[in-house]
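Me: I have a structure to look at and I am new to this. Can we go through how to read it, feature by feature?

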Amino acid sequence: MKKRGLDRLLIALGLALCITGIFIALSGENPLNAYYQLIKGALWGRSNLITTLRWSVPYLIASIAAAVSFKAGVFNLGIEGCVYLGGLTAALIGAYFQGLPPLIHISLAIFGAMVVSALWLSIPAYLKAYHNVNEVITTWMFTYIAILLCQYLVRNIFFDPTDIGSAAQQVRTPYIMEAAKLKQLFPPYQLNFSIFIGITLMIIFYIFIKKTRSGYDLSMLGTCPNFAKYGGINIEKTQFYAILVSGSIGGILGACEVLGVHHRYIHGFSNDLATLGIMVALMGRLNPVSMAIAALFMGIMQNGARAMSRVTNVSLDTVLIMIALVVILISAEEFFEIFKIRQRVKQSKKGES
Amino acid sequence: MLDVIFNEHTLKTAMVLTIPLLLAGMGGAVCIKAGFFNIALEGYMLIGAFFSVLGTYTFNNSLVGTLIAVVTTIIYALLNGMIVFKFKANEIIVGFGFNMLAISLTGWMLTTVIGGKGLFYNPSTPKLVKMNIPLLDNVPILGSIINNQNIIFHLGWIFIIVLYVLIYKTKLGYRIRAMGENPKVLKASGQRMDFYKYIAVAISGALCGLAGSFIALSDLALFTENMIAGRGFIAVTTVIFSNGYIPITALASFLFGVAHSIGIQLQGIGIPSEFVQMTPYILTVLFLILSIKTDSIKKKNQKKNQKKSLYRGGLQLLQRLFLQ
């Protein structure tokens, strides 16, 4: 099974690389050179490597958030909203609570972010689980509402008082306390302690899915709902908590970004982290280990694409095209049957000769 | 205060705001009738919007631009259909992927082909022509509103009837519905199964292409990155709410339009712009909550009927046992 999943990822990736190569060639560059610049910009040298890791961390956390709900067969697209709400909560706790020791302050901020995000998604979760309202739409709408709500709150209530006189156009909160900051690992670079939070979450997710009963319930509900129903799994409850947990992990992501990177809430800080995280989860086919690899891949792509667009004439969107193609191709089940049939034909021919 | 909200201008804005939702929603409704839950309407509209502006700019004619938009969107939609029907992919994941692909493709073309940064606007690009038809002025109440609108505006309202007739009164529509409700019947009668799904997807592509060009070409001929901003998802909501029954889809999109335009009027009174922007999204959720109630009533009725038939069955059994 595992090997097959990897096969599919590689085939999809190869195809996507080829198609994206056409796009790169169309914009008047040599695809091979562009890819070389991309890899070089992502992995060559200490600073590039650290920045790649810094981008992989949020994708990893977001992909875990997405995977928790996708495993249960629930498509929670409301993670982006949770990132914003969680980020705002963490920024407020970080800025307005004073005199707490660092560890407690950080945990409080992250915990607050989790609670707010979980509460926020409890409405769509309730509607989905107990009234079977389509969660794709409700959670997506809640994302828009959350982003606008955050913008309103920060613009009118929690704005930075020092911004009033200055000509700052950004909607942002004051800086958080020193105690609430997640320490940077290699100071000038943005990589910070949230990488450990990400890895811990991934390990917890792995153990949860593979070793615990409720994890089994969750994935059973996703793969075969009828079997789960007759097996005596409480479907409503499982779906409800799947969305809630997914949302609260989204909150953790927002808190990590605010406490570790920006040190304040800046509106628009997430910039589609969660959407790309969903892509990562789908690329990894919801398997914890391949999700980690996919997150690293996404980090390489994001960081490398910047280097590529600096050196060559290729725009950043090219990478997004490639990622979307990978997701589309990887979910096309029958698509890979073509390759298999060819292999079988080859094998049978070999057998004959 | 009330006369700020309820006046002719509100209705006019509402009818204009309804059009993209209406067109895309009807496209989704046709798809759901063919048994395909299409959430990529957003992406289709974005592709349509982009190519309408590009086509209009190159050929200097808004109608040609619209035609190009419709054709490209049909191709994009058929591609989506192929991945879902032929390669048996999950329709939600692929729909999500196609939305992302539309955003990145249009973004790529914006920077590479046109060379604009996040925005494509050229003052010389012609808009859709506002048609002045003297006949329409004689229509009571609506006359001044529906006159001096562009062609897609009129097409949108006409398509309600056209599509209703197509889906419910013609052979093709009958087969499309059969595909959604009971594909085995279609197979047994020797029809090509996926053909009707492709037709439905192509119709939704064409309608979304029109919707996209309406958004891009009606006021200013301009394209900005991700300019659909969730309207495709609102259209999906109208589809879910109406379960693909086109008159209700149209009504739902009109309600959205009215609510949105009232929201815009409220901004004049001094309600923060964020809340005004929120209205369509909040309404969407409320709409879905409304649709639960109807569902549960249906279920109750079913249960009642079951009970009745159980009761009748019991009576018959008793009669047989004791009267014979």
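Me: Let us begin with chain B. What percentage of contacts in chain B between residues at least 6 apart in sequence join residues at least 24 apart?

Reply: First, the term. Two residues are in contact if their C-beta atoms, placed from the backbone, lie within 7 Å. In chain B, among contacts between residues at least 6 apart in sequence, 76% join residues at least 24 apart. Keep in mind that this is a predicted model: local features need pLDDT of at least 70, side-chain atom pairs count only at pLDDT 80 or more, and totals for chains, interfaces and linings use all residues. Residues are numbered from 1 along each chain as its sequence is written, while chains are lettered from A and ligands numbered from 1 in the order in which they are written.

Me: How many helices and strands are there in chain B?

Reply: Helices (H or I, at least four residues) and strands (E, at least two) are DSSP runs, numbered from the N terminus. Chain B has 13 helices and two strands.

Me: What share of chain B is made up of buried residues?

Reply: Count neighbours. A residue is buried if 20 or more other C-beta atoms lie within 10 Å of its own, exposed if 12 or fewer, and partly exposed in between; C-beta atoms are again placed from the backbone. Of the 324 residues in chain B, 46% are buried.

Me: Which loop holds Asn132(A)?

Reply: Asn132(A) lies between α5 and α6 of chain A. It is not a glycine, yet it has a positive phi of about 55°. Asn132(A) is partly exposed, with 13 other C-beta atoms within 10 Å.

Me: How do the two chains meet? How many residues of chain A are in contact with chain B?

Reply: On chain A, 33 residues are in contact with 36 residues of chain B. The elements of chain A that give two or more residues to this side are α5 (102-131), α6 (135-156), α11 (273-283) and α13 (317-331). The largest share, ten residues, comes from α6(A). Now sort by class. Ala, Val, Leu, Ile, Met, Phe, Trp, Tyr, Cys and Pro count as nonpolar, Asp, Glu, Lys and Arg as charged, and the others, Gly among them, as polar. The side of chain A that touches chain B has 22 nonpolar, eight polar and three charged residues.

Me: How is a pair of packed helices described?

Reply: Two packed helices are described by the angle between their axes and the distance between the axes. Axes are lines fitted to C-alpha atoms, for helices over the stretch in contact, and angles run from 0 to 180 degrees between N-to-C directions. Take α2 (residues 31-43) and α3 (residues 46-71) of chain A: they pack at an angle of about 90°, with their axes 5 Å apart. Angles under 35 degrees count as roughly parallel, over 145 as roughly antiparallel, 65 to 115 as roughly perpendicular and the rest as oblique. So α2(A) and α3(A) are roughly perpendicular to each other.

Me: Which residues meet there?

Reply: From α2(A) come Gly41(A), Ala42(A) and Leu43(A); they meet Asn48(A), Leu49(A) and Thr52(A) in α3(A). This contact has three nonpolar, three polar and no charged residues.

Me: Which residues have the most contacts inside the largest nonpolar core?

Reply: In soluble globular proteins, nonpolar side chains tend to be buried together. A nonpolar core is a set of buried Ala, Val, Leu, Ile, Met, Phe, Trp, Tyr and Cys residues joined through C-beta atoms within 7 Å. The largest one here has 213 residues, and Ile61(A) and Val280(A) have the most contacts inside it. Leaving out residues up to four places away in sequence, Ile61(A) touches Gly198(A), Leu201(A), Ile249(A), Ile252(A), Leu253(A) and Cys256(A).

Me: What does the domain assignment of chain A give?

Reply: Domain bounds come from an automatic or database domain assignment. For chain A it gives domain 1 (1-29 + 315-353) and domain 2 (31-312). Their centres, taken over C-alpha atoms, are 28 Å apart. The contact takes 14 residues from domain 1 and 13 residues from domain 2 of chain A.
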